[in-house]
Amino acid sequence: MRKLIWMLAALLALAPAAFAQTAQEMTDRCAFSSVGKKTLGRMTDGDYRTYWASSSNGSAYVEIEAEDAIGGVYVQFYDDAAALDVQTRDASGAWQTVAQTDGAFLAAYAAVDAGAKTVRIRPKDGKGRLFIAELRVLGEGDAPGWVQQWQAPLEKADLLALAAHPDDEILFLGGTIPYYAGEMGKAVQVAYLVPTMPYRRLELLDGLWLCGVKNYPMIGHFPDKYQLTLKGMYAQKGWSRESVYRFVAEIYRACRPDVVVTQDVNGEYGHGAHRAAADAAQAAVALAADPNYQHEKLEQTEPWQISKLYLHLYDQNPIRMDWRQPLEAFGGKTAFDIAEEAFACHISQQTTRYHVEDFGEYDNSKFGLAFTNVGPDEEKNDFFEHVGK
């Protein structure tokens, strides 16, 4: 009898988790209305290149009518994220706000617990405009795993993956992000120099989320230019050497990584922005640690000394990572498998000649230790060898 009581108590304790319901998408069973309704279909066409733009002020809203109770609304903004009011009607028919988003991220989810079949979203306090690439409606229950619920960028990272453009973090850093973020549970921050087109930012979010990253990426302001030399890159408008160095030093101080992994000093296939990422990553090691290095953008930050810096394809102190080992966090898939799936999220880039490869000219398993203050690698199979010891 005592054992039976214990078993019943254990089952009751587990009941909420055991019987938790995962919300199902119901977008295709909803009707949408607003001013400018002729283009509302762009929000549900599955294409990040298209978007619905609202009118301004009081006309900036989307009303959703569903067959069943609405449990949540998932919004992916085209370019400018907006803080949202999520509203339902009260007994008198007036709109009341039941949930809000803060406008910090291009992907935002708001749970709705009111059991309502009619919901309205609008900019916070009804002020501003909306530019929505995709809008999905979910039923009652917990948000499924594909719904991105981002956290703020890290204030203390284990690893920083620094890339020039969206998709470089996958093509040239290979299994780094899925292995360390997804499998090893490291605090991984990802940063980019170039924001590129708005739809590519949504693609990068899809790829990072799939890899197990939960903290929103840091995205720079450098214009998308192509040069074959580092000197030529730094001669481009908006690409001064000083500004790139300062941006990367700012990132080091902001997220305080122990390990930094970035691109090839020769730009993989010679791209000047890739060269700049590697160059600035090296220069920022000393700048970020120097208490005398100051700028108005760095005033609120404390100096930070990273422990290790790895460069893709670097021929000094080489290390080769094995991205082909099965990972428990991904059901036996390898870091290479996940990297391929993450690159597939970059739909706009699938017609290029580049692929995820841990072999050949752009072998994304090859790196070199360009800086260390914890000693040289010995085992040469882990970016974190000697870190924290």
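How many disulfides does the count come to by the rule used here? The count is zero, where a disulfide is a pair of cysteine sulfur atoms within 2.5 Å.

Before you start clicking: this is a predicted model, in which local features need pLDDT of at least 70 and side-chain atom pairs count only at pLDDT 80 or more, while totals for chains, interfaces and linings use all residues. Residues are numbered from 1 along each chain as its sequence is written, and side-chain values use heavy atoms, with hydrogens and water left out.

**Cysteines.** Select C255 and C211. The closest cysteine sulfur to that of C255 is in C211, but at 18 Å it is too far for a bond. C255 is also buried, at 0% relative accessible area (buried is under 20%, exposed over 50%, partly exposed in between, with a 1.4 Å probe and protein chains only). C345 is buried at 16% relative accessibility.

A335 is buried, at 2%. Beyond neighbours within four places in sequence, A335 is in contact with G175, P178, Y179, W323, Q325 and L327 (contact means heavy atoms within 4.5 Å).

**Backbone stops.** D125, with a positive phi of about 65°, sits in the loop between β8 (118–123) and β9 (131–138). H386, with a positive phi of about 75°, lies in the segment after β16 (366–372).

How values were computed. Helices (H or I, at least four residues) and strands (E, at least two) are DSSP runs, numbered from the N terminus.
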